[in-house]
Amino acid sequence: MTEQTIHLELDDSGLAPSLPAPANPRDQVQDVPYRPVEFRDDDLPTALERCAGWLRQAQEWLGEPLDILAIHLDYDDRQGSPYYDVKVLCNEEDLAGVPIALRNSSK
């Protein structure tokens, strides 16, 4: 059995540079295993729509469904903060583009 080595191009935070970024400045990919991708808004349907749009873009980019561990809904009632906080816990290997690199290395 031979081991296969793949090369990943990652940015400083360990993400593939071509990973679609959440479009709204309030949204972000965070830095923990099963990385939360966060969507924050005062309007829950708007946050969920942005989350769904990003999931579609990321899955199209990845070429397969993202490995999602959980979806977490929280709120922030501090003055000046968006009230709703939707987090999608994603496999960090998917966000780094490992499935893409594996497919490309087998060609």
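## Aromatic pairs, core and sheet

At 34% relative accessibility, Tyr83 is partly exposed, because that class lies between buried, under 20%, and exposed, over 50%. The model is predicted. A search of the whole structure turns up three aromatic pairs. An open sheet of four strands has helix H1 lying across E2, E3 and E4.

**Aromatic rings**

- A pair of aromatic rings is described by the distance of the centres and the angle of the planes.
- Three such pairs are found in the structure.
- One of them joins Phe39 and Trp54, with 6.1 Å centre to centre and 50° between the planes. This pair is tilted.
- The Phe39–Trp54 pair links distant parts of the chain. Phe39 sits in strand E2 (residues 35–41), and Trp54 sits in helix H1 (residues 44–62). The two are 15 residues apart.
- Both Phe39 and Trp54 are buried.
- Tyr75 and Tyr83 make a stacked pair, because their ring centres are 5.4 Å apart and their planes meet at 25°, and planes under 30 degrees apart count as stacked.

**Nonpolar core**

- The largest nonpolar core has 17 residues.
- Leu19, Phe39, Trp54, Leu66 and Leu95 touch the most other members of this core.
- E2, H1 and strand E4 (84–90) each supply at least two residues of the core.
- Helix H1 gives the most, with seven residues.

**Sheet and helix**

- Strands of a sheet pair through backbone hydrogen bonds, either parallel or antiparallel.
- In this open sheet the strand order is E1-E2-E4-E3, and the pairing is antiparallel.
- Strand E1 (28–29) and strand E3 (68–75) stand at the edges. Each has a single partner strand, so one side of each is left without a neighbour in the sheet.
- E1 and E2 pair over two bridges, in the antiparallel sense.
- Gln28 stands opposite Glu38 in E2.
- Helix H1 runs at about 140° to E2.

Notes:
Residues are numbered from 1 along each chain as its sequence is written. This is a predicted model: local features need pLDDT of at least 70, side-chain atom pairs count only at pLDDT 80 or more; totals for chains, interfaces and linings use all residues. Side-chain values use heavy atoms; hydrogens and water are left out. Rings of Phe, Tyr and Trp (its six-membered ring) pair if their centres lie within 6.5 Å; planes under 30 degrees apart count as stacked, over 60 as edge-to-face and the rest as tilted. Buried means under 20% relative accessible area, exposed over 50%, partly exposed in between (1.4 Å probe, protein chains only). A nonpolar core is a set of buried Ala, Val, Leu, Ile, Met, Phe, Trp, Tyr and Cys residues joined through side-chain atoms within 4.5 Å. Two strands pair if DSSP finds at least two bridges between them. Contact means heavy atoms within 4.5 Å. Axes are lines fitted to C-alpha atoms, for helices over the stretch in contact, and angles run from 0 to 180 degrees between N-to-C directions.
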